[in-house]
Amino acid sequence: MASLSQRPAVLLLCGGKSAEHQISLLSCHSVYQALDRERFSPVVAGMDREGVWHFYGDQEFLEHPEDPRQVKLREDAPVCFPMSTPEGAALVFPGSRRKPVPFALAFPVLHGTYGEDGSIQGMLDMLDVPYVGCDVRASANCMDKERTKVLASSLLNIPVAPFYAFNAGEEIPQEQLLQDLGLPLFVKPACTGSSVGIVRVTKAKDLGKALEEAFLYDDKILVEAAVQNAREIECAVLEMPDGSILVADPGEVIPRTGFYDYQAKYLDDQGARLQVPAKLTKEEREFVQEAAGMVFAALECHGMARVDFFLRKDRRKKPQDPLILNEINTIPGFTSISLYPKMMENIGMDYATLISTLLETAQARFLRKKQLRRSPEA
């Protein structure tokens with residue numbers, strides 16, 4: 001494998017079959033523009049909504065990159081697919097005499113299903129290449145909101161909002177849910193991000209429609225009590241090449257209306273205000289940072305994650321659960337104005353350095369794993 005000093009080719013993966021396809025394109029475009037080309041050589045591969053891979057190399061790969069409503073992959077790109085070759089991992093071109101394009105590292109910027117749930121990570125493991133972010137196990141556990149809550153609460157005794165989980169086809173006792181969880185409540189697909197498919201229910205008559213909406217995106221859903229009178233505090237966690245953990249000062253999401261849904265995150269400039277750093281006391285800041293680092297470690301995350309909490313405004317009245325875990329994002333929004341890179345920038349790590357650090361960490365972790373035996377001792 002090429003060393004970092006030899007300007008290795010970095011495969012940037014974007015698009016995908018999830019409902020977060022367009023957000024992935026925007027995140028990847030930011031990474032592509034900021035990648036340090038004195039140290040790394042970008043190779044872009046975009047996956048269309050049908051799951052077909054397209055090769056762009058080190059060329060502009062988007063149409064309308066300035067517009068999150070219209071952005072899409074360029075359509076004039078050859079079909080490709082990653083596979084192992086005698087020379088290492090490479091993009092090959094089915095039905096073409098074009099030579100394979102090798103790559104030494106991968107940076108999956110694939111949000112949501114098939115990108116953040118362990119699917120692409122398993123493929124990259126099979127290709128035997130280092131990649132940015134969590135491995136298969138952590139990706140799957142963090143993508144599934146039910147599993148995240150169960151693991152965090154059982155391993156760390158960290159509070160989570162009361163919830164029920166249901167699979168498609170199960171009978172859902174709506175009256176019991178309303179009685180146990182109250183209003184407002186949230187109905188969420190278990191395995192989506194960017195608030196896709198999430199509905200805030202404020203009236204009992206709307207619960208049935210919200211359940212139907214969530215089941216459009218996943219075959220498992222959560223019905224969760226709303227955490228009232230709380231602030232949305234998020235924390236960026238970064239694994240360094242030596243295996244240590246850096247936890248940035250937290251940021252805060254301040255929705256202007258309703259909750260921080262897909263519209264507010266990506267389509268409405270006035271949907272929310274992002275406060276970086278969050279206005280917290282030293283004690284509060286350190287409390288959140290410690291909790292974020294513990295969650296990252298307990299769920300065996302690698303590379304990066306954004307850990308999202310609710311911080312009760314009335315925590316002095318409820319000292320037993322002042323901080324409530326909401327979710328973990330293992331491939332958070334990564335545009336230059338997204339909250340994760342903004343939190344890192346706030347502590348002195350600019351966007352380009354952040355990308356380089358993630359790639360360095362990926363290779364360092366890969367080299368450590370290479371020391372493990374893959375067959376019994378003779």
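Q: A salt bridge is a side-chain nitrogen of Lys or Arg within 4 Å of a carboxyl oxygen of Asp or Glu. How many salt bridges does the count come to?

A: The count comes to 20 salt bridges. This is a predicted model, where local features need pLDDT of at least 70 and side-chain atom pairs count only at pLDDT 80 or more, while totals for chains, interfaces and linings use all residues. Residues are numbered from 1 along each chain as its sequence is written, and side-chain values use heavy atoms, with hydrogens and water left out.

Q: Which residue does Lys205 form a salt bridge with?

A: Lys205 pairs with Asp206, and the closest N and O atoms are 3.3 Å apart.

Q: Is Lys205 buried or exposed?

A: Lys205 counts as exposed because its relative accessibility is 66%. The cut-offs are under 20% relative accessible area for buried and over 50% for exposed, with partly exposed in between (1.4 Å probe, protein chains only). Asp206, at 30%, is partly exposed.

Q: What about Arg365, which residue does it form a salt bridge with?

A: Glu239, with the closest N and O atoms 3.6 Å apart. Arg365 lies in helix H10 (residues 351-369) and Glu239 in strand E14, so the pair ties together parts that are 126 residues apart in sequence. Helices (H or I, at least four residues) and strands (E, at least two) are DSSP runs, numbered from the N terminus.

Q: Are Arg365 and Glu239 buried or exposed?

A: Arg365 counts as buried, at 9% relative accessibility. Glu239 is buried as well, with a relative accessible area of 4%.

Q: Where does the pair Lys282 and Glu286 lie?

A: Both are in helix H8 (residues 282-298), four residues apart, which is about one turn of the helix. Lys282 is exposed at 52%, and Glu286 is partly exposed at 38%.

Q: Which residues are linked in a network of salt bridges?

A: Asp144, Glu146, Arg147 and Lys220 are linked in one.

Q: Why do such side chains pair at all?

A: Side chains of opposite charge can pair when their charged atoms come close.

Q: Ok, strands now. How many residues of E18 are buried?

A: Nine of the nine residues of E18 (residues 304-312) are buried, so the strand is largely enclosed by the rest of the structure.

Q: And which way do the residues of E18 point?

A: Met304, Arg306, Asp308, Phe310 and Arg312 point one way, while Ala305, Val307, Phe309 and Leu311 point the other way. All of them are buried.

Q: How many bridges join E14 to E18?

A: Nine bridges join E14 (residues 230-239) to E18, and the two strands run antiparallel. Two strands pair if DSSP finds at least two bridges between them. Leu311 in E18 is the bridge partner of Arg231.

Q: In what sense do E18 and E19 pair?

A: They pair in the antiparallel sense, over six bridges. Phe310 stands opposite Ile324 in E19.

Q: Switching to holes. How many cavities are there of 30 Å³ or more?

A: Two cavities reach that size. A cavity is a set of points on a 1 Å grid over the protein atoms alone where a 1.4 Å probe fits but cannot get out, and its lining residues have an atom within 4 Å of a point. Grid points are joined across faces, edges and corners, and a volume is the space filled by probe spheres set on the points.

Q: Which residues lie nearest the centre of the largest cavity?

A: Of its 11 lining residues, Cys142, Met143, Thr192, Ile328 and Asn329 lie nearest the centre. Helix H3 (136-143) and strand E19 (323-329) each supply at least two residues of that lining.

Q: Which residues line the second largest cavity?

A: Among them are Pro108, Glu116, Val132, Cys134 and Ile331.

Q: Cysteines, then. How many disulfides does the count come to?

A: Zero, taking a disulfide as a pair of cysteine sulfur atoms within 2.5 Å. Cys28 is in no disulfide, and the nearest cysteine sulfur, that of Cys14, is 3.9 Å away. Cys28 is buried, with a relative accessible area of 0%.

Technical notes:
On a 1 Å grid over the protein atoms alone, a cavity is a set of points where a 1.4 Å probe fits but cannot get out, and a pocket is an open set with protein on both sides within 12 Å along at least five of seven lines; lining residues have an atom within 4 Å of a point.
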